[in-house]
Amino acid sequence: MTEDTPTPKTDGGTDSVANDDVALDPWGSSTIADYRKLFEQFGIEEFDAADVPNPHYLMRRGAIFGHREYGRVVEAMANDEPFAALSGFMPTGDPHIGHKMVFDELIWHQQQGGEVYGLIADLEAHSARGMSWDEIDEHARSYLLSFIALGFDVEDGELYRQSDNRVLQDLAFEIGSTTNFSEFEAIYGFGGETNVSHMQSVVTQLADILYPQLDEPMPTVIPVGPDQDPHVRFARDAAARMRFFKVTEAFASFAADEQERELFSHIYDTLVERGDADELRCEDGAALLREFEDRGEQLADDETQQSLLKKLDNAGKEPIRPRVRFLDRNASASAFEALIDRVPGEKRRYEAHIDSFDLDIEEAEELAREVEIEHDGYGFERPSSIYHRFMTGLTGGKMSSSIPASHISLLDDPEDGYDKVKSAATGGRTTAEEQRELGGEADDCPVFELYSYLLAEADDEFVAEVYEECTGGERLCGGCKEQAAELMKEFLEEHQEKREEAKEILEDVDIDLSSDRRGLGGQDEEDAV
């Protein structure tokens with residue numbers, strides 16, 4: 001869209017920040033009233049499509065609203081360097097138009113040159129939702145047919161199901177050795193009643209997120225809805241804790257946590273501005289910190305300031321010298337020794353870390369990863385993510401698979417899709433006269449979302465025209481829904497034709513969709529009440 005083109009609100013149409021905290025539940029059905037709370041509460045960064053070359057239409061139109069370190073993926077994309085994208089589909093029902101957003105995001109990343117992975121989260125469906133394996137097989141096939149029909153290139157990507165991927169399960173086992181129950185309790189609210197398989201499926205999902213990096217560490221993006229952010233955060237932590245070495249900046253020989261290092265960096269920069277950096281001592285840093293405190297300037301929380309002050313006092317006349325520190329996390333003795341040998345220039349060895357005075361942080365990160373991989377480590381990069389808004393249900397509220405009228409399945413008869421759109425709620429006024437006078441509320445209209453997120457993928461000008469006509473009072477809801485209904489019918493007809501063509505392609509994909517697994521979960525039709 002152009003600079004002047006209106007886009008849907010990325011805050012769910014809410015003008016004020018909600019008082020209550022947002023709860024992100026990967027298996028729940030809660031809605032998000034204010035997407036801005038996610039920036040404040042969970043540290044999700046606001047997404048700017050202007051930062052992305054050739055942005056996807058969901059980026060341009062505000063459907064993708066947030067990210068975690070997506071810039072690393074954009075940089076790889078721009079420099080024609082390896083990057084990957086992965087997302088999963090839990091086969092608990094038919095794929096619907098809300099799922100299409102994830103399909104489209106993965107396909108776009110594939111078209112930009114990324115290694116793309118689509119997985120069937122069958123272990124999660126069985127353990128968390130109680131789906132039988134027969135049901136899972138049926139829905140898995142349906143998801144993959146739509147994914148292929150929408151443009152996924154099976155020759156240039158990978159499809160797999162969790163239960164059949166032994167390499168994935170081996171990785172999950174290794175990740176599981178670094179996690180404990182208290183983390184599941186804190187992140188997901190798991191308790192004594194949570195079954196072990198459910199926890200196991202979470203560890204498998206962490207392995208899914210890191211799976212694209214098994215052959216080569218690379219920037220990897222996970223396109224998901226915000227309810228899946230707990231998995232992303234957990235996987236980012238897992239990636240870091242499985243590394244052999246942690247690389248940080250340091251200024252003296254003593255250990256400091258992240259907040260203390262940030263404060264120390266500020267103290268050092270201020271001291272350099274005041275005099276000769278070659279003569280700086282830790283006692284000078286302590287004096288400056290006390291000076292800030294005497295003036296009532298709070299540079300960090302009180303606990304951090306007092307902790308760093310004590311360490312600076314204890315270090316006394318030790319020179320302040322910027323350096324890069326390699327901390328031994330999980331390295332074998334041979335890997336640690338190899339790193340010592342590989343660090344060039346001036347360095348100092350301690351029991352559990354090495355300080356380098358000639359490397360910058362980026363060079364140090366690269367060296368640490370090289371040594372780790374040479375000694376059979378993973379060398380994972382922390383995965384990135386992008387987050388899209390939930391589509392509003394056609395009846396208002398959240399789109400839900402359990403409410404047929406709220407969503408349109410990609411398997412719906414085209415005539416049924418037409419009828420659902422015709423019956424949809426809108427952001428229109430009570431009367432036509434009021435609509436012409438005040439204009440419609442396109443930002444809160446499920447039908448306008450259909451235009452923006454589905455029915456006019458390549459036509460930004462058309463979407464802008466619908467928005468302007470609606471909010472300007474020229475477009476009335478009856479005609480607008482009729483046009484959208486016709487477009488929906490055409491989309492379903494075309495998509496289902498392509499699904500038929502995709503069947504032959506899927507037959508040649510190395511994925512077993514006729515599972516012979518046995519287990520609990522679900523009911524046979526004859527046993528259902």
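Predicted model: local features only at pLDDT ≥ 70, side-chain atom pairs only at ≥ 80, totals over all residues.
Biologist: How long is H6 itself, end to end?
Modeller: Helix H6 covers residues 133-149, which is 17 residues. From its first C-alpha to its last, H6 reaches 24 Å, close to the 24 Å expected at 1.5 Å a residue.

Biologist: Mostly covered or mostly open?
Modeller: H6 is mostly covered, with 13 of its 17 residues buried.

Biologist: Switching to H19. What are its length and reach?
Modeller: H19 spans residues 460-471, so to speak twelve residues, and reaches 17 Å from first C-alpha to last.

Biologist: Which of its residues are buried?
Modeller: In H19 the buried ones are Asp460, Phe462, Val463, Ala464, Val466, Tyr467 and Cys470.

Biologist: Which residues other than glycine have a positive phi?
Modeller: Asn54 is one of them, with phi near 50°. Glu69 is another, also with phi near 50°. For background, most residues other than glycine have a negative phi.

Biologist: Where is Asn54, and is it buried or exposed?
Modeller: Asn54 sits in the loop between E1 and H2. Its relative accessible area is 52%, so Asn54 is exposed.

Biologist: Where is Glu69, then?
Modeller: Glu69 is in the loop between strand E2 (64-68) and helix H3 (71-78). With a relative accessible area of 29%, Glu69 is partly exposed.

Biologist: On to sheets. What is the strand order in the seven-stranded one?
Modeller: The order is E1-E2-E11-E6-E3-E4-E5, in an open sheet with mixed pairing. Strand E1 (45-46) and strand E5 (157-161) are at the edges; each has a single partner strand, so one side of each has no neighbour in the sheet.

Biologist: How do E6 and E11 pair?
Modeller: E6 (residues 220-224) and E11 (residues 384-388) pair in the parallel sense over four bridges. Val224 has Tyr387 in E11 as its bridge partner.

Biologist: What does Asn165 touch?
Modeller: Leaving out residues up to four places away in sequence, Asn165 touches Glu158, Tyr160 and Tyr211.

Biologist: What about the four-stranded sheet?
Modeller: That sheet is open as well, in the order E7-E8-E10-E9, with antiparallel pairing. Its edge strands are E7 (245-250) and E9 (347-349), each pairing on one side only. The twist averages 20° from one strand to the next.

Biologist: How many bridges link E9 and E10?
Modeller: Strand E10 (residues 353-356) and E9 are paired over three bridges, in the antiparallel sense. Lys347 is opposite Ser356 in E10.

Biologist: Which helices lie across that sheet's strands?
Modeller: Helix H14 (residues 333-342) lies across E7, E8, E9 and E10, at about 155° to E9. Helix H15 (residues 361-374) lies across E7 and E8, at about 165° to E7.

Biologist: Where does Arg329 sit?
Modeller: Arg329 is in the loop between E8 and H14. It counts as partly exposed, at 37% relative accessibility.

Biologist: What is Arg329 in contact with, beyond its sequence neighbours?
Modeller: Setting aside residues within four places in sequence, Arg329 contacts Ala240, Arg241, Arg243, Phe244, Phe245 and Lys246. Arg241 is 88 residues away along the chain, yet the two C-alpha atoms are separated by 7.4 Å.

Biologist: Last one: at what angle do H11 and H12 pack?
Modeller: H11 (residues 258-274) and H12 (residues 282-294) pack at about 100°, with axes 10 Å apart. The two helices are therefore roughly perpendicular to each other.

Biologist: Which residues make the contact?
Modeller: From H11 they include Leu263, His266 and Ile267, and from H12 they include Leu288, Leu289 and Phe292. The residues of this contact divide into six nonpolar, three polar and three charged.

Definitions and conventions:
Residues numbered from 1 in each chain as written. Heavy atoms only, no water. Axes fitted to C-alpha atoms, helices over the stretch in contact; angles between N-to-C directions. Parallel < 35°, antiparallel > 145°, perpendicular 65-115°, else oblique. Contact = heavy atoms within 4.5 Å. Nonpolar A, V, L, I, M, F, W, Y, C, P; charged D, E, K, R; others polar. Pairing = 2+ DSSP bridges. Expected span 1.5 Å × (residues − 1). Buried < 20%, exposed > 50% of the residue type's maximum accessible area, 1.4 Å probe, protein only.
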